[in-house]
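Here is a short tour to read with the sequence and the model side by side. Take a look at both before moving on.

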Amino acid sequence: MSKAENITVSMDSEKIKALRRYINKKDVSIENELTDALNKLYEKYVPVQVREYIKFSDDSEKTVKASISKNKKVKKAEEPTAENILDTNGNIGGIEG
């Protein structure tokens, strides 16, 4: 996912107090409602092609990060140790001595 940014919105404090009082009765939060509203604005104003490009970029970034993480784990497991260098006959890497 892309880096998140914060948006600051100002509102009269009495209105915010009233909003908090009544919104809490509905078991929702102001933050969740604002997030939903921003997502609706995003879908309304950002063209579909741009949204798809951004989604594709985010998905590609996640895939690359997951692949790098997986490769690090595999490479770490393949590092030579005394146990995985010697074959069953005690020879180093299949070289008979």
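## An exposed loop residue

D27 counts as exposed, at 73% relative accessibility. Here, buried means under 20% relative accessible area, exposed over 50%, and partly exposed in between, with a 1.4 Å probe and protein chains only. D27 is found in the loop between α1 (13–24) and α2. Its phi is near 55 degrees, a positive value in a residue other than glycine.

A word on what you are looking at: this is a predicted model, in which local features need pLDDT of at least 70 and side-chain atom pairs count only at pLDDT 80 or more, while totals for chains, interfaces and linings use all residues. Residues are numbered from 1 along each chain as its sequence is written, and side-chain values use heavy atoms, with hydrogens and water left out.

## The chain as a whole

The chain has four helices and zero strands, giving the pattern α-α-α-α along the sequence. Helices (H or I, at least four residues) and strands (E, at least two) are DSSP runs, numbered from the N terminus.

Of the 97 residues, 4% count as buried. The accessible surface of the chain comes to about 9300 Å², and 56% of this belongs to carbon and sulfur atoms; such areas come from the Shrake-Rupley method with a 1.4 Å probe, and for residues only the protein chains shown count as cover.

How many salt bridges does a search of the whole structure find? The search finds one, and it joins the side chains of E14 and K17 (3.7 Å, N to O). The term stands for a side-chain nitrogen of Lys or Arg within 4 Å of a carboxyl oxygen of Asp or Glu. Because E14 and K17 are three residues apart in helix α1, about one helical turn separates them. Both E14 and K17 are exposed.

## A nonpolar patch

I7, V9, L38, L41 and Y45 make a nonpolar surface patch of about 560 Å². Patches are made of residues with over 30% relative accessible area and no salt bridge; like charges are joined within 9 Å, and nonpolar side chains (Val, Leu, Ile, Met, Phe, Trp, Tyr) within 5 Å. L38 lies in helix α2 (residues 30–45) and is partly exposed, with a relative accessible area of 44%.
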